[in-house]
Amino acid sequence: MVIYQLAMLKGLYIIIFVFLLLTMRGLLFDIKRFTTEDGPGIRVTYFFKGCPMSCIWCHNPEGIGQESMKVNRVERVGSARFTKSEVVGREYDIEELVDVAARERPFIEQSGGGVTFSGGEPLMQSEFLKRTLIRMREEGYHTAVDTSGFAEREHFMLIMPHTSLFLYDIKHIDDARHREFTGVTSKRVLENFDFLVEGGADIVVRIPVIPGFNDDEESMKAVRDFLGDRMCDRIKGIDLLPYHRTGSGKYSLSGREYLMEGKKPIADSQIDAYRSLFSAILLK
Amino acid sequence: MRGRFEITGRVRRLREVSQQSLERISGERAELITDFYSSGNASLLSAPVLRAKAFYHLLAKKRLYIGDGELIVGERGPEPKAVSTYPELSLHSPDDLDILASRPKVSFEVDDEVRRLYSEKIIPYWSGKTNRDRIMGLMSDEWHNAYRAGVFTEFQEQRAPGHTVIGANMFRKGFLNLKDEIEQAERRLDFGNDEAAFDKLEQYSAMKIACDAIVMYAERYAYALEEAANGCRDKKRREELRKMAAICHRVPAHAPETMHEALQHYWFIHVGVISELNPWDSFSPGRLDQHLLPLFLNDIEKGLLTEAEAYELLCCLWVKFNNHPAPPKIGVTASESSTYTDFTLINLGGLTPDGDDAVNRLSYIILDVIEEMRLLQPGSMVQISSRTPKPFLHRALEIVKSGFGQPSFFNSDAIVKELLRQGKSITDARNGGASGCVETGAFGAEAYWLTGYFNLPKILELTLNNGFDRRTGMQVGPETGRVSQINSIDDLLAVFAEQVNYFASLKLSGNNIVEGTFSAFLPVPFLSLLIDDCIVNGTDYNRGGARYNSSYIQGVGLGTVTDMLTSICYNLFDNKHYTWSEMLEALESDFSGFEEMQYNLIYNTPRYGNDNFYADRFASKTFRTFFDAVDGRKTLRGGTSRINMLPTTCHVYFGSVLGATPDGRREGAPVSEGISPVQGADIEGPTAVLRSALSIDHLLTGGTLLNQKFSPSFFASEESIGKLGDLIRTYFSMDGHHIQFNVVDGDTLRRARANPEQYRDLIVRVAGYSDYFRDLSDDLQEEIIRRTEHEGL
């Protein structure tokens, strides 16, 4: 009798689990095919909505809030203008995400690509992220998570075993400056980085180079020194991402104030100078 | 310096002459041909012999040109860019000459001497007697109505069938060998049993005269070069001229034995083909890296040639192609193909006859030539098979980066499958490739003619109007019923298919009339020498003498017609957003007063090019309807009708005869080109476009054309070039036929538009070929700017 009840219970659990898996939904604000800058090969990138940071240069401001929101998009036909009300952010179940990757699969396989979870901050939906990663791995995809690093340690623990590669942002070492420009402390970002390195995760470090924030040798050297102390074969690369202005149009759409108005992109020669700072510590 | 070799001063000067010479009309050919026809000898000859003797007369009398520093000689006209005319095909009136001289795009200088010659001699003799007159006189009223409404065009209206490519054989033979073959075939003629024996005898006589003509032409050059050498003070140049004279004594009479001889050999052949008649599209050496390789290796081994010298010789050949703009076109022909390009297309890479990878040392040297020369002509492409090595693909992509749209990329494996489906042997298929824009052919063994563009969106428009054309006010198609009675997409597709079948049949009947005229009046005994098995069959190229004979109709506007059907299905049937009468009224008023509806059709309706089955299924259905209407139908000369999907500049013309369409397109705007989506309709990125483009079965065609735009930054790193390579490989693994890239950024184009004088040399990818931006029509410039702006990367 007891065994029977246990068996019933187990069956129930399985049913509940499958039910959860099928009904679990995540909030995304975009899915892009043929992304080529978010990890190796040709990829599909899933943009999760919601971010704990509020970087003043953010180029996906519509991805910051944790709820879907209405925006008005103006389209022109000849001289007439039409305003369309659009919802940014919609709930997806895991199979919908798998279906998009399936359309891209031949390109992904040919190029040694995969799928990337970006945002926003994908770890804010860590349970959904974990299940999606598991499902994508089942399908044979290389998985990458593009993270700000600002998340609960437990959430990293949840997804680490299912993540092939982390794209990990390090924006600034100095805590005060980090708080000023991103709204949160740098401490947690740097601690989580150590946690991943010690846990043996593969990481590509990404450093956005932002005028007026970290566009100076001192800031860059601080990042270099931080990374230099931790250099190991798990750190697969250090990418500098020069600030660009594609975000400005989206600010008016998402109703946020754009604080970078008038800031000029950084000269290529300057970026190259910063790059050479890092090339010295990169393992060959 | 680009590539591995330094461009020589000689090539630099020759290129400059070629680029700076203005396109002008030469009366030389028209006069010589008219002299011959009016001499009284002509009327007593059979058609093939007449044409051969006219050809001989032309090559015996035309002026020779030896450019300063040239290593390869021979010009169709008296000098670079002096373009011949072909009054036996179509005659330019004094008004036409004025238009040619004064039109803003693709113009030709016409001097007073040419005008006088035309009014005194050429026009009086040929008026009413050209093949164009003949064709237009024989076509039915129904054909004329459809032609006038812009349902289809007619390639042979001002030009001749050609569009042909030489095989390896012709690089291994001289014309004396061919003469031997003809004489042997003559001896085998069986007057007892072969009812065509007499026709064949006449054909053989003509072919032998054509052999003599080209050998005589080369001999004239040999003597002229010797004379030039004797008068030359510069010792080095004197040696060169002597060497060139010796080469012209040997080729094309004998098989070439060195690479230099092979290039001169080919060039005499090329000049011969484009002087005999005005074939659309010109003529091509085809698999150049394959044909030249044995001689190149032999030269290198014997120390006769260095790689740098081979490079220089090839550069000289490139200049020769560029010296030869397409002969002047007028009227509809000018609209459908508004360009100086004559569509020679160099093929590199691909497969060997045994199916191995064919990329060799010369393939890379020729890529260097393409990168350096950056001329309008010749066009160039690389064939990529599953066996093509990565470095070759990446090197080709690197060259694309420089922005003039060459080379383009073709799928060898798909080409082989297309040719096999058509019944070609596996060896002939592997020796094949693409010519013109994207057209598949069995090189050296096939006469595959393009016959005209086919306006698919126009036929759907006519379907919506019960066969009536509002623009011309004529009943052009059959009355298939009022569309307002139709309330399912399947019923609409059935009626549309009826209209497609009607116009396809009309076009195919017209094609047979055209084939008849060329077979009876305008055989090409010289071209017939070059293509297997015209000699064995004793039958002219224009009469079905080739081993394989195909006639293509080129479908245009797949993206537009797909979006039209999608919109009707989505907005009228599935969601009932609008009624038929609302839609028809909106179209009739060109959306004036219906702007919101137009907005919904453009922005809130599924579109082709986004990997969206709802829309893409209509691409495959339309394609299948077109294919079923044409493919496999026999032609007069014993050939088979086929389809392909390419537009040249015809999508602009076809748009200009089309009213507003249910996809929100305004009246007169261009339709989509090739199998690309409507400009601006694809918003899901390049992989989604490729997926949509694969919703049609490319293997059933003889070529499809897909344009992709990328910003120059995408070619910046080796890594992203690698990803583009993977994009191409994936598309090809799924049987995509062709892809080309435009990599000029929108800002550059806008500046070029505002200050054309500062961008005279800016070359952009149009549709299966590249062209000077300044020579594109305003519509097309606008379209290309939009194409490049919509990047999404």
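**Why these labels? Questions on a predicted model**

Asp281(B) sits in a loop of chain B, between strand S5 (279–280) and strand S6 (283–284). The model is predicted.

Me: What joins Trp280(B) and Asp281(B)?
Reply: A cis peptide bond, with omega about -10°. Most peptide bonds are trans.

Me: Where in chain A is Gly120(A) found, and what bond joins Gly119(A) to Gly120(A)?
Reply: Gly120(A) is in the loop between strand S6 (114–119) and helix H3 (126–138) of chain A. The bond is a cis peptide, and omega is about 10°.

Me: Why is Thr648(B) called buried?
Reply: The cut-off is 20 or more other C-beta atoms within 10 Å. Thr648(B) has 30 such neighbours, so Thr648(B) counts as buried. Thr648(B) lies in the loop between strand S16 (640–645) and helix H27 (650–656) of chain B. Its phi is near 45°, a positive value in a residue other than glycine.

Me: Why is Asp735(B) called partly exposed?
Reply: Buried needs 20 or more; exposed needs 12 or fewer. Asp735(B) has 15 other C-beta atoms within 10 Å, so Asp735(B) falls in between. Asp735(B) also has a positive phi, about 75°, though it is not a glycine. The loop holding Asp735(B) runs between H29 and strand S18 (738–742) of chain B.

Me: What makes up the contact between the chains?
Reply: 21 residues from chain B and 18 residues from chain A. On the side of chain B that touches chain A, H29(B) gives the most, with seven residues. That side divides into seven nonpolar, six polar and eight charged residues.

Technical notes:
Residues are numbered from 1 along each chain as its sequence is written. Chains are lettered from A and ligands numbered from 1 in the order in which they are written. This is a predicted model: local features need pLDDT of at least 70, side-chain atom pairs count only at pLDDT 80 or more; totals for chains, interfaces and linings use all residues. Two residues are in contact if their C-beta atoms, placed from the backbone, lie within 7 Å. Helices (H or I, at least four residues) and strands (E, at least two) are DSSP runs, numbered from the N terminus. Ala, Val, Leu, Ile, Met, Phe, Trp, Tyr, Cys and Pro count as nonpolar, Asp, Glu, Lys and Arg as charged, and the others, Gly among them, as polar.
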